[in-house]
Amino acid sequence: MEASGLPAKIRRAAQLLFFKSHRIPGVKGWELKRSLGTGYARVLRAFRSQVEPLGISLRVIGDDGTELSLDSPEEMLSTARFVLVLADPLRVSDAKTSGWSVDELAGLTICLASIGSRGGKTTRAELEELLRQKFPKWKVRNFLSKYVKWGYLEESNDSLILGWRTNAEVDLKSLLKYIFGG
Amino acid sequence: MSETSEREVERELRDLVSELSSLIRSGEDILSIQLEPKMAKLKELIRRSLEFKHIELDMEAVYNFALLVYAQSKSLRDRSSVLYVDPFLIKLAILGSPTERLAEIFLRAWRPSAGRDVLSHEMMKKSYDYWNDLKTYSIELEESEPLRGETLESLGIRYDELISEGMMEMCEELRRRGGRLLYEELVGGGTLNERLRRAVLISFMLSYGYAHAEKEPLKKRFWVVAREQASKDQPKSTESLVTIVS
């Protein structure tokens, strides 16, 4: 390593990854490379081993929303987003403390499951119709705006697709399994 | 090829292109669409296409076929993936689950991103410097005054005119124009001062009972309806209506 040493680079990695510098959490690979040098993957492995005991995981999300590993090719890592996520699920009370309502959480389950089961894309009208089976119309509009604003959904022409945040934070396969009682 | 035959080929090609475009937009199950008969039809039309405009339509049809085939291929890939679950089954499962359970499902599959939203020493120093560098300035506070006659006058509106000839003229105009007009139509499209003057006259006309308002909230329309004589009744309730006269 260079003069600054591994411990200093790990601290720098923590600053970059924990500190929310823009609306979207996480840091791009090229930003980490610029700050930590070409051996940034090695620094991140060391950093990961220190935060994992605290219940925090480092996830690397590629351009297309798929999860990558730190061993993935450099050209994929440089444009990927590195995000720290909680390793363990939250309880309803924790989510409520963070400002989520039960209805918002349930509405998001409906959206993600519906979009996930339709190959990652559905129309806004279909989603609204499904949500209206559970919630009043004003709430449905409100929920969809929030989910788009928070990054869980993205608007693409007349359709809604999974947003960057869903790819980073939600295990869609498990979500679909849990819906059927798994 | 005769002119009639050329026109027929063009019409059939246009029909085919339109059919393919509507299939793309329809949102129906893409794999249930039978493309072979339509392709055979296009093949036959291409054979009969001799004009440049036919070839343009041929190309458009081929492009739409390419989009449909791509969508079918993508749908096949999605359905063969481990994530594929029948949307209908998902819908049934969602409808059969209480919201509390749906919320718990999300929490089980959710690993929220971790981050800190706090000030660092460096940011605090920057904020301190920024605050110190701000120029001081003061705002001269003026007491707001109620709208007076002179203010209206500067807009070309005389108060005595409002409750006399101006308002009566407006009533007469409303009756002349059928007795029921949209507010915007009655305000008209003159200069800003003229529209403002008419808007004030309408509000006086409504307040003095020479006309009443009818609202269509769903269509966001507001009608002004003339009365034969000014109503002596006190209004049961009053409300404000915000309209923009720009």
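Predicted model: local features only at pLDDT ≥ 70, side-chain atom pairs only at ≥ 80, totals over all residues.
**A walk through two touching chains**

Let's start on a helix of chain A: on α1(A), the exposed residues A:Gly5 and A:Pro7 sit on the face turned away from the buried side. Residues are numbered from 1 along each chain as its sequence is written, and chains are lettered from A and ligands numbered from 1 in the order in which they are written.

Which residues of α1(A) are buried? They are A:Lys9, A:Ala13 and A:Leu17. They share the same side of α1(A), because they cover an arc of only 70° around the axis; the arc is taken from the directions that lead from the helix axis to the C-beta atoms. An α-helix has 3.6 residues a turn, so residues three or four places apart point the same way. The buried residues of α1(A) pack against β1 (27-28), α2 (29-36), α3 (40-51) and β4 (81-86) of chain A. Names like these belong to DSSP runs numbered from the N terminus: helices are H or I with at least four residues, strands are E with at least two. The length of α1(A) (residues 5-18) also works out: its 14 residues should span 20 Å at 1.5 Å a residue, and its end C-alpha atoms are 20 Å apart, which agrees. That expected span is 1.5 Å times one less than the number of residues.

Further along chain A, helix α7 (residues 124-131) has A:Leu127, A:Leu130 and A:Leu131 buried. These lie on the same side of α7(A), because their arc around the axis is only 95°. On the face turned away from that buried side you'll find the exposed residues A:Ala125 and A:Glu129. The cover over the buried residues of α7(A) includes α6 (102-117), β5 (121-123), α8 (137-150) and β7 (159-162) of chain A, together with α4 of chain B.

That brings us to where the chains meet. The contact takes 45 residues from chain A and 32 residues from chain B, where two residues are in contact if their C-beta atoms, placed from the backbone, lie within 7 Å. On chain B's side, α3 (52-80), α4 (87-95) and α5 (99-109) each supply at least two residues, and α5(B) gives the most, with ten.

Leaving out residues up to four places away in sequence, A:Val92 touches A:Val102, B:Ala103, B:Glu104 and B:Leu107. Why does A:Val92 count as partly exposed? Because A:Val92 has 15 C-beta neighbours inside 10 Å.

β1(B) and β3 (residues 221-226) of chain B are joined over three bridges, and B:Arg180 has B:Val225 in β3(B) as its bridge partner.

Methods
Buried ≥ 20, exposed ≤ 12 C-beta atoms within 10 Å, placed from the backbone. Pairing = 2+ DSSP bridges.
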